[in-house]
Amino acid sequence: MNIYVGNLSYEVKEEDLKKEFEAYGQVESVKIIQDNYTGRSKGFGFVEMPNNSEAQAAIDGLKGKEVKGRALNINEARPKTEGQSRRPGGGGHGGGNRRGGGGGRRY
């Protein structure tokens, strides 16, 4: 099962998260999502656990637990649907009927 872990303190490392989840069973992988430009944590990540009952126990046991000053937000990760953009709203700049002002004729 792939588990979403949100509200992470910026100080939490992948090893810290792995240790928290290993108390409930085998952890296959841990990935904290980082900003591409700064390398700083974005405050969320994913943990994969191969056994669903252990994963559910981890979700139930760790939801709301305080780690490094922040209460964890934990849910089963939803799979990314095809065609789903990375940013809500589809991204883009401006849009709509905005037209740049230009110098019209002055009389």
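The legends below describe close-up views of a predicted model. Local features are given where pLDDT is at least 70 and side-chain atom pairs where it is 80 or more, whereas totals for chains, interfaces and linings use all residues. Residues are numbered from 1 along each chain as its sequence is written, and side-chain values use heavy atoms, with hydrogens and water left out.

**View 1. The open sheet of four strands, in the order S2-S3-S1-S6.** Pairing in this sheet is antiparallel, where two strands count as paired if DSSP finds at least two bridges between them, and where strands (E, at least two residues) and helices (H or I, at least four residues) are DSSP runs numbered from the N terminus. The edge strands, S2 and S6 (73-76), each pair on one side only. From one strand to the next the twist averages 20°, with axes taken as lines fitted to C-alpha atoms, for helices over the stretch in contact, and angles running from 0 to 180 degrees between N-to-C directions.

View 2. Strand S1 (residues 2-6) pairs with strand S3 (residues 41-48) over five bridges, and Ile3 stands opposite Val47 of S3. Val47 is also the bridge partner of Val30, in keeping with the five antiparallel bridges between S3 and strand S2 (residues 29-34). S1 and S6 are joined by four bridges, with Ile3 opposite Glu76 in S6.

**View 3. The hairpin of S2 and S3.** Six residues lie between the two strands, and Gly39 in the turn has a positive phi of about 75°.

**View 4. Helices on the sheet.** Helix H1 (residues 14-22) lies across S1, S2, S3 and S6 and runs at about 140° to S2. Helix H2 (residues 52-62) packs on the sheet, touching S1 and S6, and its direction makes about 155° with that of S6; contact here means heavy atoms within 4.5 Å.

View 5. The structure holds three salt bridges, each defined by a side-chain nitrogen of Lys or Arg within 4 Å of a carboxyl oxygen of Asp or Glu. In the pair of Lys68 and Asp16, the closest N and O atoms are 3.4 Å apart; because Lys68 lies in the loop between strand S4 (66-67) and strand S5 (70-71) and Asp16 in helix H1, the pair ties together parts that are 52 residues apart in sequence. Lys65 and Glu20 have their closest N and O atoms 2.7 Å apart, linking the loop between H2 and S4 to helix H1. Glu22 and Lys18, with a corresponding distance of 3.9 Å, are separated by about one helical turn, being four residues apart in H1.
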